[in-house]
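Opening the notebook on this one.

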Amino acid sequence: MQDIKLWFDRNLKGDPIIWGIVIILSVTSIVVVYSATGSLAYKYKGGNTEKYLFDHSMMVLAGLLVMWVAHKIPYKTFGLIGKFLLLIAIPLLFFTYLFGSTVNEANRWLTIPVINKAFQPSDIAKLALIATLASLLARKQKNIADFKNSFIPMMIVIGVVCGLIGLANMSTAVLLFVTCLLLLLIGRVPLRHIMLVVLLGSLFLTTSVFIGQRGGTFFSRIENFVSGDEIPFQAEQSFIAISTGGITGKGPGKSEQRNTLPHPYSDFIYAIIIEEYGLVGGATVLFLYLALLFRGMRIVASSTKPFGGLLSAGLSFALVLQAMVNMAVAVGLGPITGLPLPLLSMGGTSLVFTGFSLGIILSVSRGDHQDMVESPEEGNNKIRKSFQTA
């Protein structure tokens with residue numbers, strides 16, 4: 001037992017609570033996706049549910065591996081990596097909009113040759129924008145109120161990236177935009193400048209809705225949700241799954257709505273969790289995401305450098321806000337978005353990018369912990385100085 005503890009201490013650095021949350025959610029994902037893919041396996045794999053179990057398990061392990069590798073990299077490196085990814089992401093978003101694979105009437109995917117795996121460039125763009133914005137905010141702290149030299153570069157990069165993503169995926173663009181606003185607020189940007197970002201960002205996103213590929217769907221979903229005149233089929237089936245789950249649920253693998261609910265393994269996996277594990281299971285998943293946000297923000301409070309704290313905050317917000325939106329849609333508190341539940345929904349490359357984001361958060365916590373261990377007094381002085389200057 002002592003040897004196992006030593007191995008974990010030596011190989012899994014950073015916040016141990018985050019490691020625990022990720023492992024619990026990953027195991028839960030494998031179990032629930034295995035249950036939720038019954039109808040999909042019957043339709044496409046002749047009932048061979050083990051095929052989806054194997055494929056999903058491999059992607060979960062790939063995400064964990066990427067997370068482990070990323071948490072070994074010094075977090076200061078991600079400022080440079082973010083700028084490099086941004087230079088790649090913007091052309092990719094353009095290319096995808098024009099020539100990408102069409103899914104649900106929108107070009108969101110690109111297929112990687114040779115390995116024949118599809119990915120969404122918006123996943124790269126999200127990581128790149130958050131890392132770049134955190135770097136800009138950290139470097140401009142001493143003159144954060146400077147409109148021309150500090151604020152305009154941030155406003156341009158936020159508007160361009162969110163606007164391009166909004167052409168094909170408005171829900172992701174809006175969520176990323178809100179994450180950026182929260183990051184600006186934490187980064188001490190003057191409120192009048194943030195209000196200007198809201199104004200111009202709304203203009204960019206509105207333009208994306210009208211000239212993009214999913215404008216009609218976006219407006220119809222908002223209208224249906226606000227009016228309440230007609231409950232969409234997906235939402236109706238989700239409500240049935242949730243209402244029949246009760247307190248403790250029907251039990252693992254006993255979902256009935258997985259056969260009628262569209263995308264029970266991705267967009268509406270939270271409804272399947274509640275159906276099979278009840279209110280107890282749904283509340284536990286919600287608590288785990290809130291705990292993840294708490295630990296991510298705790299890293300912000302203890303970070304010795306502004307960049308590390310801002311980077312951890314941005315990525316934590318992005319992951320947990322997406323989870324909250326997905327769960328809100330499942331229980332009828334928001335319009336249907338098509339956003340998966342991070343760490344739980346079946347997915348391919350999205351699991352890898354989620355693992356990369358979590359690895360960066362752990363890298364920040366690992367770096368700050370090492371600073372404190374090597375010199376506690378010096379570490380405390382760094383924290384005090386970072387709060388005085390940031």
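Cysteines. I started with C162, which is buried at a relative accessible area of 2%. This is a predicted model, so I keep in mind that I am reading computed coordinates. C180 is buried too, with a relative accessible area of 1%.

How far is the sulfur of C162 from the closest cysteine sulfur? I get 4.9 Å, to C180, which is too far for a bond. A disulfide would need the two sulfur atoms within 2.5 Å. My tally for the structure is 0 disulfides.

Helix α2. I looked up residues 16-36, a helix of 21 residues. From first C-alpha to last, α2 reaches 30 Å, close to the 30 Å expected. At its start I found a side-chain oxygen of D15 within 2.8 Å of the backbone nitrogen of I17. I noted the buried residues of α2, among them W19, L25, S29 and V33.

Helix α9. This helix covers residues 191-211, and its 21 residues reach 30 Å, close to the expected 30 Å. Which residues of α9 are buried? I list H193, I194, V197, G201, L205, S208 and V209. Seen down the axis of α9, these fall within an arc of 140 degrees, so they line one face of the helix. I then checked the face turned away from that buried side: R192, L199, L203, F210 and I211 are exposed there.

Note on methods
Residues are numbered from 1 along each chain as its sequence is written. This is a predicted model: local features need pLDDT of at least 70, side-chain atom pairs count only at pLDDT 80 or more; totals for chains, interfaces and linings use all residues. Side-chain values use heavy atoms; hydrogens and water are left out. Buried means under 20% relative accessible area, exposed over 50%, partly exposed in between (1.4 Å probe, protein chains only). Helices (H or I, at least four residues) and strands (E, at least two) are DSSP runs, numbered from the N terminus. The expected span of a helix is 1.5 Å times one less than its number of residues. A polar contact is a pair of N or O atoms within 3.5 Å; within protein, one must be able to donate a hydrogen and the other to accept it, and residues adjacent in sequence count only if both atoms are side-chain atoms. The arc is that of the directions from the helix axis to the C-beta atoms.
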